Amino acid sequence: MTLDSSSRGLSRKRDAPYISVFAGPSRRSRALRFALQLTVRPVLQLWGAVPNLPWPYGLIDVAATPLRPIRGTKSGPVDLPDCSAEWIAGPGAADDRALLYLHGGAFICCGLRTHRRMVSGISRACAAPALSVGYRMLPETPASTGLEDCVAGYEWLLAQGYAGDRIAIVGDSAGGWFALMTALAARARGLGDPGAIVLISPLVDTDPGRKLVRLGDVTDPLFPANALVSMMAMLADVEGERGQLDEYGRVPSPLHVDLTGLPPVLVQAGADELLVVDAEQIAAELSAAGVVCRLQLFEGQFHVFQAAADLLPEAAKAVVEIGEFVRSTIID
């Protein structure tokens, strides 16, 4: 089932049995939301207006070097065939299951450093070590090439002796696209299904139209519409240059394929962020395909608020929910 842009009213219904809504925001969350609105959002708006300038995308990950994993984490570098990766084992991580973590960053930025602390916290919550993949990104390489790096990460875990059903694939933002596409690619290549998938504020619809229709419904303090349009245009341009568009001339999307038979999926998003549109849509598609799916919406929260688990009670709660989902799905 695929809903078109005219389905605005239906897509806002939140009384489906697979949907849970968490109240908020807390004072700390409101303060951080305001700070993001004053600092990060203007930069993203500027980028959206002039995306073709020589922006130093790599500096974002370098600037995050001082960001340390949570105390008690063990980590080390991993070399995949065409990119770097990092093995992150949070406190209490067992050795009989693992996470494949695929970071967000609009397909163009962030990396192992920006997500190190967040991944270590999720590792602790899931009681599972994580392979965090530093896949190749736009504008130098298309997302389809980055996908190969993500699949290589899944293959690496299999080679270490982890059975597919003991692996959970976790991705935030653009990493949500990679998470679903990696699971689908693994199946297509005979590598087997993972045991679970977690999507955090996922970007899965590579056409911005549905989200633009919903602009009046959301109050996103972080993600401006012009940045979304520019990002999707860059994605389509680079994919098109490399001949990676589908038969209809579209950038591939999990919304364009059969999702039947995927393992259980947890989707989390801020209830009013721009990408809640994608979160609601992919959850509806998965549910319609017979996949066990949970959609958790957090009122008043911003894009990938889980990264602030040290500061916000809502973010800490969301990470706990991720841990409970993964442990109950691939362990019990």
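Two exercises with worked solutions follow.

This is a predicted model, where local features need pLDDT of at least 70, side-chain atom pairs count only at pLDDT 80 or more, and totals for chains, interfaces and linings use all residues. Residues are numbered from 1 along each chain as its sequence is written, and side-chain values use heavy atoms, leaving out hydrogens and water.

**Exercise 1.** Describe helix α6 (residues 174-188).

*Solution.* Start with its length: α6 has 15 residues and reaches 21 Å from first C-alpha to last. That is close to the expected 21 Å (1.5 Å times one less than the number of residues). Helices here are DSSP runs of H or I, at least four residues, numbered from the N terminus. Next, check burial (under 20% relative accessible area, with a 1.4 Å probe and protein chains only): 13 of the 15 residues are buried, so α6 is largely enclosed by the rest of the structure. Finally, look past the helix: Gly-190 follows α6 and has a positive phi, near 75 degrees.

**Exercise 2.** Find the contacts of Thr-219, leaving aside its neighbours within four places in sequence.

*Solution.* First locate Thr-219 in the loop between α7 (209-213) and α8 (225-241). Then search for contacts (heavy atoms within 4.5 Å): Thr-219 is in contact with Arg-33 and Asp-272. Now try a distance: the C-alpha atoms of Thr-219 and Ala-315 are separated by 18 Å, and these residues are 96 apart along the chain.

Conventions: Helix = DSSP H or I, 4+ residues; strand = E, 2+ residues; numbered from the N terminus. Buried < 20%, exposed > 50% of the residue type's maximum accessible area, 1.4 Å probe, protein only.
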